[in-house]
Amino acid sequence: MTIQPITLLEQAISEQGYDCVLITDPKHVYYLTGFASNPHERFLGLLLVRGEEPTLIVPSLDEDAAAAASSVKKIATHQDTDNPYLILQKYLPQHIETMGVEKENLSIARYEELVQYANAKSYADAGPLLRKLRVRKAPHEVDRMKFAAQMIEEVLKRGLSHVKEGVTEIELVAEMEYQMKKLGASGPSFDTLVLSGPNTALPHGVPGTRKLQYGDLLMFDMGVYANGYASDITRTFAFGQLSPELTNIYNTVLEANLKGIEAVKPGATLASVDLAARQVTIDAGYGERFLHRLGHGLGIDVHEYPSVHGANQELLTEGMTFTIEPGIYVPNLGGVRIEDEVLVTADGVKLLTSYPKELQILG
């Protein structure tokens with residue numbers, strides 16, 4: 001039987017000796033309780049007090065939705081005219097030595113409010129506890145990630161039918177995001193990237209009004225949120241016949257992608273995975289044009305722990321999910337990136353993405 005994340009967090013709180021932990025990141029509230037919301041500027045908090053029943057504090061307009069979705073049944077609400085920290089104060093221990101908070105999520109303004117009403121002697125970062133929980137995905141999380149990956153691949157398949165000479169990058173972005181919604185995604189997991197020709201040499205370029213021409217590279221980097229989990233895939237295509245150099249760059253990146261995936265196994269370091277892919281680009285003479293880390297963690301956030309780069313000596317463990325996305329970018333010529341999602345299994349690696357990677361010529 002799988003132990004629920006909120007139970008594991010409660011155990012970690014006890015082990016750390018924290019009196020309580022306040023979770024305010026909506027994605028972590030969803031991860032721990034099953035209740036997904038966007039509170040905007042309103043206060044949302046999950047309070048875990050050691051030895052007590054958890055309390056979920058939500059805006060009153062979300063009370064019914066929280067009651068229906070949350071595994072936490074003790075729900076407190078606040079009106080727009082209320083001070084939510086007074087509500088929170090009612091459920092806090094009278095004496096707090098150490099209170100855990102998410103430092104990356106807590107603004108200075110909210111921290112000052114918390115200090116005023118919680119009156120804890122010290123505040124500790126609960127981020128590492130959550131990161132440790134999230135880094136290994138449970139089977140149901142993997143299923144949701146696989147579903148999100150399948151959805152974005154269907155988006156790509158449908159969107160490619162709109163590729164034609166003269167279409168602009170931003171028009172293709174609009175089509176892709178239309179297909180995301182049509183297929184039932186909550187929305188894109190990040191700003192959809194469609195770049196063409198020399199613009200593909202910009203790893204994080206901004207799609208614009210450039211028109212597609214024969215002989216161009218055409219890059220799609222995109223993902224969706226579905227059931228609370230993100231997908232992220234990159235595929236690069238040829239629109240018409242490519243030059244020999246661009247073809248060589250494509251084949252080099254594809255080999256780097258495959259070598260990176262092949263290096264994934266429990267007990268390997270994240271650095272070794274990066275190096276396995278990067279060495280291919282170095283051997284081909286393009287090492288200096290591989291401008292970024294090999295990949296990043298993926299789950300309820302599109303970019304999360306771990307970071308797959310050459311200095312990360314952390315060992316891979318079963319259940320980790322991350323991207324493998326080598327790229328080569330040559331200014332004024334073009335760039336290629338090929339990105340897959342991988343899951344570390346008990347004896348190796350499983351791909352969550354399946355869209356073909358061999359060079360496809362469109363048009």
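Modeller: A residue is called buried if its relative accessible area is under 20%, exposed if over 50%, and partly exposed in between (1.4 Å probe, protein chains only). This is a predicted model, in which local features need pLDDT of at least 70 and side-chain atom pairs count only at pLDDT 80 or more, while totals for chains, interfaces and linings use all residues. Residues are numbered from 1 along each chain as its sequence is written, and side-chain values use heavy atoms, with hydrogens and water left out.

Colleague: Why is threonine 281 called buried?

Modeller: Threonine 281 has a relative accessible area of 0%, and because buried means under 20%, the word applies to threonine 281. This residue sits in helix α10 (residues 270-283), where helices (DSSP runs of H or I, at least four residues) and strands (runs of E, at least two) are numbered from the N terminus.

Colleague: Which residues is threonine 281 in contact with, leaving aside its neighbours within four places in sequence?

Modeller: With contact taken as heavy atoms within 4.5 Å, threonine 281 touches Thr252, Ala256, Tyr286, Gly287, Phe290 and Ile328, once those sequence neighbours are set aside.

Colleague: How do you know whether threonine 209 is buried or exposed?

Modeller: The relative accessible area of threonine 209 is 65%, so this residue is exposed. Threonine 209 belongs to the loop between β8 and β9, and its C-alpha is 52 Å in space from that of lysine 74, the two residues being 135 apart in sequence.

Colleague: What makes glutamate 97 and lysine 121 a salt bridge?

Modeller: A salt bridge needs a side-chain nitrogen of Lys or Arg within 4 Å of a carboxyl oxygen of Asp or Glu, and in this pair the closest N and O atoms are 3.2 Å apart. The pair links distant parts of the chain, with glutamate 97 in the loop between α4 (84-91) and β5 (98-101) and lysine 121 in the loop between α5 (108-118) and β6 (122-125), 24 residues apart. Glutamate 97 is partly exposed because its relative accessible area is 44%, whereas lysine 121, at 66%, counts as exposed. The structure holds 14 salt bridges.

Colleague: What does the salt bridge of aspartate 301 with arginine 134 tie together?

Modeller: The closest N and O atoms of aspartate 301 and arginine 134 are 3.0 Å apart. Aspartate 301 lies in the loop between β13 (295-297) and β14 (304-308) and arginine 134 in helix α6 (residues 127-134), so the pair joins parts that are 167 residues apart in sequence. Both aspartate 301 and arginine 134 are buried, and they belong to a network of salt bridges that also links Lys27, Lys137 and Glu304.

Colleague: Why are helices α7 and α8 called oblique to each other?

Modeller: The axes, lines fitted to C-alpha atoms over the stretch in contact, with angles from 0 to 180 degrees between N-to-C directions, come within 9 Å and cross at roughly 130 degrees for α7 and helix α8 (residues 169-182). Angles under 35 degrees count as roughly parallel, over 145 as roughly antiparallel, 65 to 115 as roughly perpendicular and the rest as oblique, and α7 and α8 are therefore oblique. Among the residues making the contact are Ile152, Val155 and Leu156 of α7 and Met176, Gln179 and Met180 of α8.

Colleague: What makes the backbone at asparagine 332 and at proline 306 worth a look?

Modeller: Most residues other than glycine have a negative phi, and most peptide bonds are trans. Asparagine 332 has a positive phi, near 65 degrees, and it is exposed because its relative accessible area is 75%. Proline 306, in strand β14, is joined to tyrosine 305 by a cis peptide bond with omega of about 10 degrees.
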